[in-house]
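Morning, everyone. Let me put one model on the screen and walk you through a few packing details.

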Amino acid sequence: MDRSKIILQNVSLSFVFKIFNMGIVYFTIPFLLQYLGKTNYGIWVTIFSVVNILFFVDAGIANGLKTKLTEALSLNNYKLAKEYISTAYVSIFFISFSFLLIGTFILKNINFASLLNVGTSISNEKLVSIFFVALIFIVSNFILSLYKTLFYSIQKSSIVEFSMFLYQILIFALIYYAVHNLQSSILYVAYFYGASNVIVSIVFNFVFFYKRKQILPSIKSFKKNKIKELMGLSLGFFMIQLCMIIIFTTDNLIISNLLGPDEVTGYDIVLKLFQVITILSIVMLEPFWALFTNAFQKKDYTWIKETLIKLNKVFLLVFVGTVLIVLLTEEIVSIWIGKSFIIENKLTYFMGIFVLVRVYPVMYMFFLNAIGKIKLQVYLYVIGAIINIPLSILFIKYFNLGVSGVILGTICSIFSMTLLLPYQTIKILKQQ
C-alpha cells in the first residue's frame with residue numbers, strides 16, 4: 001500500500017470538494033435567512049441540530065465498522081467484510097426503527113414551543129409537524145448514510161466529500177427556488193434538507209456496491225456474533241458519541257431556551273464561519289484513520305511517528321488561519337450577511353479558542369481510535385459531558401456572558417484532551 005499516494009489523492013480531492021461544499025453552504029445561508037427571517041432561521045437551526053443528534057447515536061457501529069472493515073479488507077477477507085457490512089446495516093435498521101418509535105412518542109408528549117422559547121412566533125402543532133418530517137428523513141438516512149463509513153474504509157474519503165458537495169448543491173437549488181416561488185415555511189426547508197440527503201445517500205450506496213458485489217450486504221450474511229464483536233469495540237465509541245451529543249449538539253437548544261431563537265442565529269453564523277477551519281482540518285485527517293489501522297497492523301511504527309510529527313507542523317497553519325479569522329470576523333460577516341448583522345467580539349475570541357482546542361487532539365484521537373485504544377477518551381468525554389451543560393448555564397445566567405458562555409462551557413469540557421491524548425499516544429508508541 002502506497003500510503004503517501006493515498007493521502008495525496010484523498011486529501012487534495014477532499015479539500016477541493018470540501019471548499020466547494022463550504023462555498024455553497026456559505027452562499028446558501030443568506031438566501032435561507034432571507035427566506036425564513038432571523039427568528040425562523042434560529043428555530044430551524046435548533047430543530048436541525050436536535051434531530052441530527054440521531055447521527056451520533058448508532059451505538060458506535062459506524063466507527064466500529066470503519067476499523068473492522070479496514071482490517072478485513074487489508075487481509076483480502078471479503079467473506080468477513082461482507083459479514084461486518086451486513087451486520088452493521090441490519091443492526092442500524094433496527095436501531096433506526098426504535099428511534100422512530102421513541103421519537104414519535106416524544107413528539108406527542110413534549111411542548112416544543114415552550115422548550116425552544118419561541119413565544120407566539122409559531123404554534124406547537126407546527127413545530128411538531130416540522131420535527132416529525134425531519135425525524136422521518138433522519139431515520140431513513142441513518143441507515144443509508146453508512147456508505148460514508150464504507151468509502152472511508154477503502155481510503156476513498158474524497159468520494160464522501162463529493163457526495164456532500166452534491167447534497168449542498170441540491171439544498172441551494174431548492175432554497176433558491178423557494179425564495180422566488182414559495183411562501184416562507186420551515187416545513188418546506190425540512191423537506192428540502194431531508195429529501196436531498198436521502199437521494200444522495202441512495203445514489204452513493206449504489207456507486208459503492210456496483211463494483212463490489214462480493215461484499216454486498218444480505219440477510220444471510222448477518223451474523224449475531226458479529227454484533228458482539230463490533231460492539232466490543234463500539235461500546236466505547238457509543239459512550240463517546242453520547243457524550244459528544246451533550247458537548248457539541250446541545251448549544252443551540254440551550255441558547256434558544258435561555259436567550260431565545262434570535263440569539264441562535266448570531267451564534268450559528270459565527271460557528272459556521274469558524275467551521276471552515278475545523279472541517280478542513282478533519283477532512284485532511286480523515287484518511288489517516290484507516291491508514292493508521294493498516295500501519296499498526298503491519299507494525300510500521302516509524303511511519304506512524306513520522307506522520308504525527310508532520311501533522312503537528314501542519315497544525316501551525318491551523319493556528320495562523322484561526323487567528324486571521326478572529327481578526328477579520330467583523331469584515332467577513334459584513335460582506336457575507338450584511339452590515340446590519342452585529343457580532344459580539346468576545347464570541348469571536350472564544351470561538352477561535354474553541355477551534356484550536358477542538359482540532360489539535362484530533363490527529364491523536366484518530367490514531368487511538370484506529371488501534372482501538374479509546375478508554376481514556378471515554379473517561380474524558382464522560383467528564384466533559386457531565387460539566388458541559390451546567391457550565392454553559394452558569395456562564396450565561398450568572399456571569400452574563402450571553403451566547404459566549406455556551407462556547408466557553410464547551411472549551412472547558414474538552415480542554416483536557418489537548419494534553420492527555422498526545423501523552424497517551426507517545427506512551428503507546430514508545431512501548432512498541
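I will take a helix pair, then the core, then one serine.

This is a predicted model, so to speak of local features we need pLDDT of at least 70, and side-chain atom pairs count only at pLDDT 80 or more, while totals for chains, interfaces and linings use all residues. Numbering starts from 1 along each chain as its sequence is written, and side-chain values use heavy atoms, with hydrogens and water left out.

The helix pair. Helices are DSSP runs of H or I, at least four residues, numbered from the N terminus. Helix α16, residues 375-397, packs against helix α18, residues 417-431, at about 170°. Their axes, lines fitted to C-alpha atoms over the stretch in contact, are 11 Å apart. The angle is taken between N-to-C directions, from 0 to 180 degrees. The two helices are therefore roughly antiparallel, a label for angles over 145 degrees. Contact means heavy atoms within 4.5 Å. From α16 come Leu-376, Gln-377, Leu-380 and Tyr-381; from α18, Met-417, Leu-420, Leu-421 and Gln-424.

Now the core. A nonpolar core joins buried Ala, Val, Leu, Ile, Met, Phe, Trp, Tyr and Cys residues through side-chain atoms within 4.5 Å. Buried means under 20% relative accessible area, with a 1.4 Å probe and protein chains only. The largest core has 149 residues. Trp-44, Leu-127, Tyr-267, Ile-304 and Met-351 touch the most other members. Helix α12, residues 261-297, gives the largest share, 17 residues. Beyond four places in sequence, Ile-304 contacts Phe-292, Ala-295, Phe-296, Phe-367 and Leu-429.

Last, Ser-256, in helix α11, residues 251-259. Buried or exposed? Ser-256 is buried, at 1% relative accessible area.

Note on methods: Angles under 35 degrees count as roughly parallel, over 145 as roughly antiparallel, 65 to 115 as roughly perpendicular and the rest as oblique. Buried means under 20% relative accessible area, exposed over 50%, partly exposed in between (1.4 Å probe, protein chains only).
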